[in-house]
Amino acid sequence: MRKDVRILLVGEPKVGKTSLIMSLVSEEFPDEVPLRAEEITIPADVTPERVPTHIVDYSEAEQTEEQLFQEISKANVICIVYAVNNKKSIEKVTSHWIPLINDRTDKDSRVPLILVGNKSDLVEHSSMETILPIMNQYQDIETCVECSAKNLKNISELFYYAQKAVLHPTGPLYCPEEKELKPSCIKSLTRIFKVSDLDNDGILNDNELNFFQRTCFNTPLAPQALEDVKNVVRRNMTDGVNDDGLTLKGFLFLHTLFIQRGRHETTWTVLRRFGYDDDLELTQEYLFPMVKIPPDCTTELNHNAYLFLQSVFDKHDKDRDCALSPEEVKDLFKVFPYMPWGPDVNHTVGTNEQGWITYQGYLSQWTLTTYLDVQRSLEYLGYLGYSIIYEQESQAAAITVTRNKRIDLQKKQTQRSVFRCNVLGARGSGKSGFLQAFLGKNLQTQRQIREDHKSFYAISTTYVYGQEKYLLLHEVMPDFDFLSEADLACDVVCLVYDVNNPGSFEYCAKVYKQYFIDSKTPCVMLAAKSDLHEVRQHYSLSPHEFCRKHKLHPPQPFTCSTIEAPSKDIYTRLTTMAMYPHMAQADLKNSTFWLRASVGATVFAVLGFAMYRALLKQR
């Protein structure tokens, strides 16, 4: 909502503009009226909306046309004052004042206008008959108020309506000619309905309505009040209530009714609670709350965020197959202004046999987004209504910023859950195959992936000593001279060469010597395509000799040319090295390090799968 409101009063000389302001301030009609009142500021604590309000007078006798134009450009709302006993001043509203204001304001951001009929104490009739056609002709006119500065009639109401026209404008919400909500308002309220429909059955039941009411207005609805609301909808439309709950049509009808009865502040309260600004766009403050990320720290989702995302998954997994079909994904993202996931996501995280994103794959994608681009993750959580459903100040409450990696190294332990492995190697060495194998895809399955659907990332869970962790693999483009800091910043490095290509190992050796020889980042040499014949490499040292010389573990054989899903052992080893870099450095010569990691992972992967199955049964 706006921080303050600026009200400008214009109109013909002698219609009582200055008297209106002075009557408001002193609560009595002034004996002597100056040509123009000084600008006054009403403090926030004495206005109904708790917003400071500036009231500005205009005098043709004292001010130039240029000064008038400046005031028009600064005003948030303009009151065009006429005298109800002066026909000429009424005619000037349409012949002079409205055209002049419209010429001086941008068509897309017109200021709301209020017509003010002063001196109602001097006549017995109302000017409304003359004014109504004018109101119907000009959409910018919010309302018309008849008042008397002399009798103090409707003075405070006039300024309240002016304030309300700025803080709760009708223009963006409602089209008076059509007598219906505007498309942008329908779109915003539809998102609000979908976020509030916690079980996604297309109906707001009593619990959901009560939660919505408490969220927006801080008070639950009494059972009788709930019934009254539903009865109003039932009386006016056939499909507004279904299974004793409010449908989207019924929800939109209620807001139309509020606006038609002059209660548009109710609709604005709802819109603002769900993050919308005056133009019915989600605000930057709502979508992108501040999260400070010091250097060498990473971002992860916390426990509450995962619980929320699980509930979102459950809400959209209609057939309960623990995967999201393309239709279910589309339904999930209906509350977004665009589709955030492209076809590459299906080759970044785990999918089922139909290629649909699994429950674990869905959580993995969220984990990846939060790690790589926390602002994007905050934006997505904003569209889904995380802070509203979980009653948090903002989506920032969903994020954990991990401590500096140097502290982890000093303390020889980490609380992090996500570890990044950068995969480097010459072109054609098997990096992409290594990423896809992590998602359980063998070579035959990988050959079916379209070139434009490929991903440079793969993320899934691994088990290290009984703890479930995420390993994020990133395939780095093989441009030796242009490896950026981002290409090198990771928890573990995997250097991939093709055993069947004699020129493949040289790239790995050069990258290691150039970038990682003095680094504390653990490195693993991967002998990819190990099902093929191993040839002598065109390098001064063989891969085994190179690893021995530089105190690296011997090259790890790997192939994804298997009948079943490729082995996951190497991924567990990489995660273990990322978690315990100090052990990896010390124990690389000791094969028990690998053995402990592999055995521990196998036991807990089986245990984890059993627990996952049990969880699915509960769901």
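**Ground rules.** I'm working with a predicted model, where local features need pLDDT of at least 70, side-chain atom pairs count only at pLDDT 80 or more, and totals for chains, interfaces and linings use all residues. Residues are numbered from 1 along each chain as its sequence is written, and side-chain values use heavy atoms, with hydrogens and water left out.

**First sheet.** I looked up the strand order and got β2-β3-β1-β4-β5-β6, an open sheet of 6 strands with mixed pairing. Helices (H or I, at least four residues) and strands (E, at least two) are DSSP runs, numbered from the N terminus; strands pair if DSSP finds at least two bridges between them. The edges are β2 (40-42) and β6 (141-146); each has a single partner strand, so one side of each has no neighbour in the sheet. The twist averages 20 degrees from one strand to the next. (Axes are lines fitted to C-alpha atoms, for helices over the stretch in contact, and angles run from 0 to 180 degrees between N-to-C directions.)

I then checked β1 (residues 5-11) and β4 (residues 77-83): they run parallel, joined by 5 bridges. Ile7 sits opposite Val77 in β4. Helix α5 (residues 155-167) packs on this sheet, touching β1, β3 (53-57), β4, β5 and β6, at about 120 degrees to β1. Contact here means heavy atoms within 4.5 Å. Helix α3 (residues 87-104) lies across β1, β4, β5 (113-118) and β6, at about 160 degrees to β4.

**Helix α1.** How many residues of α1 (residues 17-26) are buried? I got 7 of its 10, with buried meaning under 20% relative accessible area (1.4 Å probe, protein chains only). Among them are Lys17, Thr18 and Leu24. Their cover includes β1, β2, β3, β4, β5 and α5. Just after α1, Glu27 has a positive phi of about 60 degrees.

An unreviewed UniProt entry annotates residues 304-339 as "domain: EF-hand". UniProt positions are in the numbering used here, feature names are shortened, and annotations may be inferred rather than shown by experiment. I found that span to be 56% helix and 6% strand, with its end C-alpha atoms 24 Å apart.

Strands β20 (residues 523-528) and β21 pair in the parallel sense over 3 bridges, and Ala528 stands opposite Phe558 in β21.

Notes:
Buried < 20%, exposed > 50% of the residue type's maximum accessible area, 1.4 Å probe, protein only.
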